[in-house]
Amino acid sequence: MRRQSGFPARPWAPAVRWAAGLLLAAAPTIAAPGPPPPAAVALVVDASGSVSPAEIARAQALAAALLARLPAGSEAAVFSFDDEARLLQGFTAEAPLVARALQRVQRRGRFTALHDALYDASRALRDVSAPRRALVLFTDGRDENSTLTLEDGVRVAQDARIPIFTVGLGAAEERVLRRIARLTGGAYLPLDRADAAGLAGRVSAAGAETPATPGSGAAAPLTSPRAVATAAGTAPRPGRSGLVAVAVLVLAGLAGTVVWWIRARRAFPRCPACDAPLSAPRAPCLFCAEASDDAGRTRPGDLSPTVIERLDLTEEYLEKTIVLRERPLLTVTQGPGAGALFELSQRSATSIGRGRANDIVLKDVSISGQHCRIRPEKGGFVLHDLKSTNGTFVNARRVSRHALADGDRLQIRETVMEFRS
């Protein structure tokens, strides 16, 4: 049957085309997925006597295969530990250097400084700037004769949001390794079930800048569509209607803030001298009264000459100096860097040595890379010498362990520091 002339064959087609055009114009554009960002990985291998040479060789092979599967431009560093922690290769993108460092891992020593190695590797990785960071720990989970505790290294990784992936070697203490991985947002894998491709995928997807769950110390899982798209290498872009709505909301918020500020200034009388708000039209200004009281106070006269020499005698600088003196400090009194002040952490150990990864770096070739540490213990601070070549002296006496008291003089070769509590 022939259609009547003058009527379109599909009367709803123009309306559909118009609606489709509106949807396409308002729909957000999705960027094409790009290559995954590079990662920085710290490889920490247990070389102590509790691990067999065959297990160490398997860990070396797995680490080398993992490096080959990381995104282009990734960096890696190699640490090993037995009686002490050792940095075999600093962070570099040169794969041959990392491979040669892995080959130098050999079984030695009688003890297992797992906690010290975990702390040193976490600190070194914390100072690396990379879109993805992760630590891979090959060990059986045993620790013997470490200077630090497990919580010291885990806390550094938590604060820096560095996931730790633990690979169990031999008769591994799985409870310890699972705890390390869970506290930092990583994962535990027995060596028999670990494969390089799967481990590289976990490392490449971990350690992104994601919000942390309060109290957990680890990164929260990616749940929103924007977070999932970011982790997969795509970035959603809002459409024009979304940008207009955001701009309107921002302008409305600014306008509301300005109106509130104007009304608040009109609602309360203000001091003609300092423009501070007054409780009543003729009430005295509390801020001016406090300033006059402060002006009549006696300045503290027990500040050290070093502090007074480094700071101007103004109110602001004196207040900052007084705050510093309420905290435990090391003051360099002799040697390179004389006059410098270093604050001691009351939560974790403070490392001292020539290496750049230390909290206090002393530029002296006769000082060991990791010379000594000062740990908070039982309300005080205890100095531990890390088997340094030239020794650590307190009050002109060589020590391996010493509970510091106020005024103790710590000497490391040409550098003399005074402990102030």
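Figure 1. Helices (H or I, at least four residues) and strands (E, at least two) are DSSP runs, numbered from the N terminus. You are looking at a predicted model, in which local features need pLDDT of at least 70 and side-chain atom pairs count only at pLDDT 80 or more, while totals for chains, interfaces and linings use all residues. Residues are numbered from 1 along each chain as its sequence is written, and side-chain values use heavy atoms, with hydrogens and water left out. To find the buried residues of H5, look for Leu150, Asp152, Gly153, Val154, Val156, Ala157 and Gln158. They pack against H4, strand S6 (164-168), helix H6 (174-184) and S13. After H5 comes Arg161, which has a positive phi, near 55°.

**Figure 2. Helix H4, one of the elements that H5 packs against.** Helix H4 covers residues 114-126, which makes 13 residues. From its first C-alpha to its last it reaches 18 Å, close to the 18 Å expected at 1.5 Å a residue; the expected span is 1.5 Å times one less than the number of residues. Is H4 mostly enclosed or open, and how many of its residues are buried? The count is 12 of the 13, so H4 is largely enclosed by the rest of the structure. Among those buried residues are Leu114, His115, Asp116, Tyr119, Arg123 and Leu125.

**Figure 3. Helices H2 and H3 side by side.** Helix H2 (residues 53-68) packs with helix H3 (residues 95-103) at an angle of about 170°, and their axes are 10 Å apart. Axes are lines fitted to C-alpha atoms, for helices over the stretch in contact, and angles run from 0 to 180 degrees between N-to-C directions. H2 and H3 are therefore roughly antiparallel to each other; angles under 35 degrees count as roughly parallel, over 145 as roughly antiparallel, 65 to 115 as roughly perpendicular and the rest as oblique. Where the two helices touch, H2 brings Gln60, Ala63, Ala64 and Leu67, and H3 brings Val98, Leu102 and Gln103. Sorted by class, this contact has five nonpolar, two polar and no charged residues. Ala, Val, Leu, Ile, Met, Phe, Trp, Tyr, Cys and Pro count as nonpolar, Asp, Glu, Lys and Arg as charged, and the others, Gly among them, as polar.

**Figure 4. Val78 and Gln89 on strands S3 and S4.** Find Val78 in strand S3 (residues 75-81) and Gln89 in strand S4 (residues 85-92). Val78 is buried, with a relative accessible area of 0%, and Gln89 also counts as buried, at 19%. Not counting residues up to four places away in sequence, Val78 touches Leu43, Arg86, Leu87, Leu88, Gln89, Val98, Ala101, Leu102 and Val105; contact means heavy atoms within 4.5 Å. Val78 and Leu43 are 35 residues apart in sequence, yet their C-alpha atoms are 4.9 Å apart in space. Gln89, with its neighbours within four places in sequence left aside, is in contact with Ala77, Val78, Leu97, Val98 and Ala101.

**Figure 5. An open sheet of five strands.** The strand order is S12-S11-S13-S14-S17, with mixed pairing. Strand S12 (360-361) and strand S17 (401-403) stand at the edges with a single partner strand each, so one side of each has no neighbour in the sheet. Two strands pair if DSSP finds at least two bridges between them. S11 and S12 pair in the parallel sense over two bridges, and Gly353 has Val361 of S12 as its bridge partner. S11 runs antiparallel to strand S13 (residues 372-377), joined by three bridges, with Ile352 opposite Cys372. From strand S11 (residues 350-353), Thr350 and Ile352 point one way and Ser351 and Gly353 the other, and all are buried.

Figure 6. Strand S14 (residues 380-385) pairs with S17 in the antiparallel sense over three bridges, and the bridge partner of Leu383 is His402. His402 is buried, with a relative accessible area of 15%. Between His402 and Val382 there are 20 residues of separation in sequence, and 5.6 Å in space, C-alpha to C-alpha.

Note on methods: Buried means under 20% relative accessible area, exposed over 50%, partly exposed in between (1.4 Å probe, protein chains only).
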